[in-house]
Each structure stands twice: as C-alpha cells, then as structure tokens.
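Me: I'm new to this one and would like a tour. Can we go through it bit by bit?

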Amino acid sequence: MAEFDLPDEAATLALGAALARRLRAGDVVALRGDLGAGKTALARGLIRALFGAAIEVPSPTFTLVQTYDPPDGPAVWHVDLYRLEQPEEAIELGLEDAFADAVSLIEWPDRLGPYLPARRLDLTLTHAGDGRRASLAGGGDWPARLKGLSL
Ligand code: ADP
Ligand code: MG
C-alpha cells in the first residue's frame with residue numbers, strides 16, 4: 001500500500017510522527033520486523049509527536065505495556081509482546097479495552113494469536129543496507145487514510 005526508505009533512525013522517527021497525525025481512537029498498528037528492525041524507534045517518533053519531543057519512550061520489553069495518557073484525545077498503548085507466552089496473558093493486561101478505546105502500537109503482534117484484531121494497520125520494517133525499509137498495509141479505510149503520507 002505504501003513504502004518508505006528510512007536511511008537512518010531520524011527517518012524512522014519521522015515516519016512515526018507522520019503516522020501519528022493520521023491516527024484516532026480504536027486504531028491498532030501492528031509493528032512487524034526482526035529484533036533491531038526499528039519498531040520501538042517508530043513508536044517513539046509517533047508518541048513524541050503526540051505527547052511532546054521531550055517525553056521518554058522506553059522499550060516496553062520487560063513491562064510489556066507502556067501507556068501514555070493525554071489531557072484530551074485517546075491514550076496510546078505501546079506494547080511489546082516478545083516475552084508473552086500465552087495470548088491469554090495479553091487479555092489479562094487489558095489489551096482488548098485498548099483495542100476499543102486507545103491507539104494500540106504492538107510489537108510482536110503475532111504473539112496475540114486469535115486476539116490480534118483483523119482491522120489493523122500492518123507496518124513492517126526490514127533491514128536495507130545500513131538503513132531500513134517500511135511497508136504499510138491495511139484493509140478497510142486505511143488506504144484512504146494514508147493517502148499522501150510522507151516523511
Ligand atoms: P526493535 O524495536 O525493532 O527491536 P529498535 O527500535 O530498538 O528496534 O531499533 C534498533 C536500532 O535500530 C536502534 O539502534 C535504532 O536507532 C536503529 N534504527 C532505527 N531505525 C533505523 C534506520 N532507519 N536506519 C538505521 N538504524 C535505525
Ligand atoms: Mg522494540
């Protein structure tokens with residue numbers, strides 16, 4: 001649906017920021033790619049665009065979930081399911097509520113098995129030389145919503 005060359009980390013952050021402006025409550029973004037592909041960096045750019053450039057965005061590797069609550073507008077849930085052993089654990093974390101009401105950014109989304117929402121945006125990062133390449137694909141109204149997206 002859309003592809004981007006990301007020559008350096010700044011470009012990954014910029015793609016996250018550009019995407020931030022297209023999101024609304026109930027959106028689920030599956031961040032795909034190997035360890036080190038740049039999933040957390042993309043989430044960082046996105047969250048900083050919404051919550052301020054100074055905000056810390058740690059990787060939720062150990063906490064599994066980091067939530068960001070604005071004074072208005074939807075919360076953002078940044079989730080890293082690498083360490084999840086059973087999909088049911090994600091439900092215990094309250095993820096289904098986030099899918100309904102928040103913006104959900106999910107690293108290692110396939111750990112969710114049957115609980116991964118079908119109505120989602122898939123954002124896949126791959127290594128390309130020293131940089132990365134991003135491809136975005138989603139059903140429903142995602143193609144229309146992402147029209148003209150640029151870094
Ligand atoms: P992941 O969450 O997918 O494991 P991270 O976001 O932690 O990956 O990023 C891993 C490393 O890749 C970081 O050092 C980050 O700065 C770097 N990185 C992110 N995007 C790019 C890019 N477009 N080009 C080069 N390095 C990048
Ligand atoms: Mg990560």
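Me: Let's start with W108. Is it buried, exposed or partly exposed?
Reply: W108 counts as partly exposed, because it has 18 C-beta neighbours inside 10 Å. Buried takes 20 or more other C-beta atoms within 10 Å, exposed means 12 or fewer, and partly exposed is in between, with C-beta atoms placed from the backbone. Keep in mind that this is a predicted model, where local features need pLDDT of at least 70 and side-chain atom pairs pLDDT 80 or more, while totals for chains, interfaces and linings use all residues. Residues are numbered from 1 along each chain as its sequence is written, with chains lettered from A and ligands numbered from 1 in the order in which they are written.

Me: Where is W108 found?
Reply: W108 sits in the loop between β5 and β6. Helices (H or I, at least four residues) and strands (E, at least two) are DSSP runs, numbered from the N terminus.

Me: And what is phi of W108?
Reply: Phi of W108 is near 55 degrees, a positive value in a residue other than glycine. L64, also not a glycine, has a positive phi of about 70 degrees. You'll find L64 in the loop between α2 and β3, and it counts as partly exposed because 18 other C-beta atoms lie within 10 Å.

Me: How about β4, how many of its residues are buried?
Reply: 5 of the 5 residues of β4 (residues 76–80) are buried, so this strand is largely enclosed by the rest of the structure. V76, H78 and D80 point one way, while W77 and V79 point the other way. In a regular strand the side chains alternate between the two faces of the sheet.

Me: What joins β4 to β3 and to β5?
Reply: Strand β3 (residues 65–68) runs antiparallel to β4, with 4 bridges joining them. There, Q66 stands opposite H78. Strand β5 (residues 103–107) runs parallel to β4, and 5 bridges join that pair. In β5, E107 is the bridge partner of D80, and I106 stands opposite V79.

Me: Now the inside. How many residues has the largest nonpolar core?
Reply: The largest nonpolar core has 33 residues. Such a core is a set of buried Ala, Val, Leu, Ile, Met, Phe, Trp, Tyr and Cys residues joined through C-beta atoms within 7 Å. V29, A30, L31, L42, L105, I106 and L123 have the most contacts inside it. The largest share, 5 residues, comes from α2. In soluble globular proteins, nonpolar side chains tend to be buried together.

Me: What does L123 touch?
Reply: L123 touches V29, A30, L31, R32, L42, A134 and L136, not counting residues up to four places away in sequence. Contact here means C-beta atoms, placed from the backbone, within 7 Å.

Me: And L136, what's that one like?
Reply: L136 lies in strand β7 and is partly exposed, since 19 other C-beta atoms are within 10 Å. Again leaving out residues up to four places away in sequence, L136 touches M1, A2, L121, L123 and L146.

Me: Last one: which residues are closest to ligand 1?
Reply: The closest are L6, T12, G38, K39 and T40, among 17 residues that surround ligand 1. A residue is near a molecule if its C-beta atom, placed from the backbone, lies within 6 Å of it. The elements that give two or more residues to this shell are α1 (9–20), α2 (39–51) and β7 (131–138).

Technical notes:
Pairing = 2+ DSSP bridges. Contact = placed C-beta atoms within 7 Å.
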